[in-house]
Amino acid sequence: MRTDIFARLDREPEPPKIVAPRMSRHRAALFGGTLAFYLAIVFAVLVTSWLVVLDWKVMLFRPYQQWPELHAFLDYYVVLGQRGPTAVMVACWLGWRSWRQHTLRPLLVLGTSLLLLNVTVGAVKLGLGRLGPHYATQIGSAEMFAGGDIFPSGHTANAVVTWGILAYLATTPRARRYLSAVSATVSLGVGLTTVYIGTHWLSDVVLGWAAGLLILLALPWFEPLIARAESWIFDVREQWRARRRAVRQVRAPGVVPQPVLLPQSIAAEVAAGAGTPAAHLATGARARAHHVPTVCPERPQSAPSGTRRPQPHPEHGSRGTASPAPASPLTGG
């Protein structure tokens, strides 16, 4: 059984050398063309051109009534464009990649792209205030500046950005091609699904595709900022680790000083505030003298267990003095 497949799941011993993409001439040209297309869509809707007429024709066609058997499946498929579920799924994958490659760049790129998405798309939504098909008030109207928030389509732009990040962060040309095709298919399907359900105009979806593509094309401009943020986070982590090591060394097990119990008289002097240095030194000396262990007088050494102590003569007491003989009950003393 091959084990090299499972070995790819282990953490790499050293961070790989990943070259961040730069804003090349080709990418800059694509960004400029996409921005011009974005502005053209906004202008076409503002002047109520043929694009608004097409929006109404598609809405009145009611695709959800033409193909009702697809409704149950597409209700679940459109979740691939919701910001919360898709961000969690992609963040889990990129988090594992960050752990494996010892780098925070995948997560920082995802956070940067989502921040740009919320700021740019949200600002245009609130600024133009277009109403959705279900809330339209006049047939043929662009429904602009009416308090809505559906232009451009957030589902579509989020699908382009979230799934396009996987292709942007791919490390090989082959993986980048495959992931680009997958992200384009998912974002295209999510956009058309919102038109099928009737929550967005067709022009909303087209503008959402352009908005998401602009964010992906602009990411190389933010790569230096992402690199500095990653370096700063790693520096903070090392400082925190060094602080924890210092705390552990201070808390290492050692001799714990025992409190000194002062006599009542000395304790009263300390509490009274004998504040001069000489008084403190005298108090400390008296406390140490008070705790000097008492030396007991020497006791006579007992004879070793193997020797026999000499006994006094039975006729003489100690030091030559005769000891009286005990009285015998038979002799009468």
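Colleague: At roughly what angle do the axes of helix H6 and H7 cross?
Modeller: This is a predicted model: local features need pLDDT of at least 70, side-chain atom pairs count only at pLDDT 80 or more, and totals for chains, interfaces and linings use all residues. Numbering runs from 1 along each chain as its sequence is written, and side-chain values use heavy atoms, without hydrogens or water. Helix H6 spans residues 83-101, helices being DSSP runs (H or I, at least four residues) numbered from the N terminus. Its axis (a line fitted to C-alpha atoms over the stretch in contact, with angles from 0 to 180 degrees between N-to-C directions) comes within 8 Å of that of H7, and the two cross at roughly 155 degrees.

Colleague: Why is H6 described as it is relative to H7, and what is the term?
Modeller: The axes cross at roughly 155 degrees. Angles over 145 degrees get a name of their own, so H6 and H7 are roughly antiparallel.

Colleague: Which residues of H7 make the contact with H6?
Modeller: Contact means heavy atoms within 4.5 Å. On the H6 side it is made by Arg83, Ala87, Val90, Ala91, Leu94, Gly95 and Ser98. On the H7 side it is made by Pro106, Leu107, Leu110, Leu114, Leu117 and Asn118.

Colleague: Where does Pro152, with its cis peptide bond, sit?
Modeller: The bond from Phe151 to Pro152 is cis, with omega near 5 degrees. Most residues other than glycine have a negative phi, and most peptide bonds are trans. Glu143 has a positive phi, near 55 degrees, and lies in the loop between H7 and H8. The place of Pro152 is likewise the loop between H7 and H8.

Colleague: Which helix gives the largest share of the lining of the largest pocket?
Modeller: A pocket is an open set of points on a 1 Å grid where a 1.4 Å probe fits, with protein on both sides within 12 Å along at least five of seven lines, and its lining residues have an atom within 4 Å of a point. The largest one holds about 640 Å³, the space filled by probe spheres set on the points. Of its 29 lining residues, Gly164, Ala167, Tyr168, Arg176 and Ser180 lie nearest the centre. The largest share, six residues, comes from H9.

Conventions:
Angles under 35 degrees count as roughly parallel, over 145 as roughly antiparallel, 65 to 115 as roughly perpendicular and the rest as oblique.
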